[in-house]
Amino acid sequence: MALRCRLTPVQGGTGPVSIQVRTRISAYAIAMEDDRLLLARLSDASPVFAPGLWHLPGGGIDPGEQPVEALTRELLEETGLELVGARLLDARTYSAQRNGISWSLTALFYAASLRGGAPTVTEVDGSTEAAVWVPLRDVRDAAVLSPPAADAVHMLDRSEAMFTTTC
């Protein structure tokens, strides 16, 4: 996970206050199987977005790691599924506040082909507590989705033909 921290002075009522700002670059899978989207529910260990939200599988890119390598690693940790192919679709930025940290997230979205199987979280005490295939018609409620997952649903709405199914 690539992080860069800086303290930003903020003018407040009694003087400047320092807020910790972290930058994170993450790779996320948009994986479809039979009109179902692969989603991961965030746990309390989630660094950026609130626990309980449904999120895309994937995560932070470690120093020196290539984005598709990070995506492969994160998919195995969060879903137990193997990446067969990935095609970069889009990149977007997000701002979030969590646990006293102001996050600046850059998300790389990949159309992902996976080796078939039932998703199973393999990482102990990680940021994911569950992984499931969800019918696309059931994931329209943005209130239960992380911002990147909501954007992925909009990408799917615009062009479902861009996405491949699992092998």
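Reader: How many residues does helix α1 have, and how far does it reach?
Author: This is a predicted model, and in it α1 covers residues 67–79, which is 13 residues. From first C-alpha to last it reaches 17 Å, close to the expected 18 Å.

Reader: Which residues of α1 are buried?
Author: Ala70, Leu71, Glu74, Leu75, Glu78 and Thr79.

Reader: Where do the buried residues fall, seen down the axis of α1?
Author: Within an arc of 130 degrees, so they line one face of the helix. In general, an α-helix has 3.6 residues a turn, so residues three or four places apart point the same way.

Reader: And what follows α1?
Author: Glycine 80, with a positive phi near 70 degrees.

Reader: Which residues touch the most other members in the largest nonpolar core?
Author: Ile30, Leu37, Leu39, Phe49 and Leu56 do, out of 29 residues in that core. The elements that give two or more residues to this core are β2, β3, β6, β7, β8 and α2. Of these, α2 (147–158) gives the most, with 6 residues.

Reader: What lies apart from that core?
Author: Another core, of 15 residues, with Leu75, Leu83, Leu114 and Trp133 among them. Leu75 is one of the buried residues of α1.

Reader: How many of the lining residues are nonpolar, polar or charged?
Author: The lining of the largest pocket has 7 nonpolar, 8 polar and 7 charged residues.

Reader: Is aspartate 34 buried or exposed?
Author: Exposed, because its relative accessibility is 61% and the cut-off is over 50%.

Reader: What about asparagine 99?
Author: Asparagine 99 is not a glycine, yet its phi is positive, about 55 degrees. It is found in the loop between β6 and β7. With a relative accessible area of 63%, asparagine 99 is exposed.

Technical notes:
Residues are numbered from 1 along each chain as its sequence is written. This is a predicted model: local features need pLDDT of at least 70, side-chain atom pairs count only at pLDDT 80 or more; totals for chains, interfaces and linings use all residues. Side-chain values use heavy atoms; hydrogens and water are left out. Helices (H or I, at least four residues) and strands (E, at least two) are DSSP runs, numbered from the N terminus. The expected span of a helix is 1.5 Å times one less than its number of residues. Buried means under 20% relative accessible area, exposed over 50%, partly exposed in between (1.4 Å probe, protein chains only). The arc is that of the directions from the helix axis to the C-beta atoms. A nonpolar core is a set of buried Ala, Val, Leu, Ile, Met, Phe, Trp, Tyr and Cys residues joined through side-chain atoms within 4.5 Å. Ala, Val, Leu, Ile, Met, Phe, Trp, Tyr, Cys and Pro count as nonpolar, Asp, Glu, Lys and Arg as charged, and the others, Gly among them, as polar.
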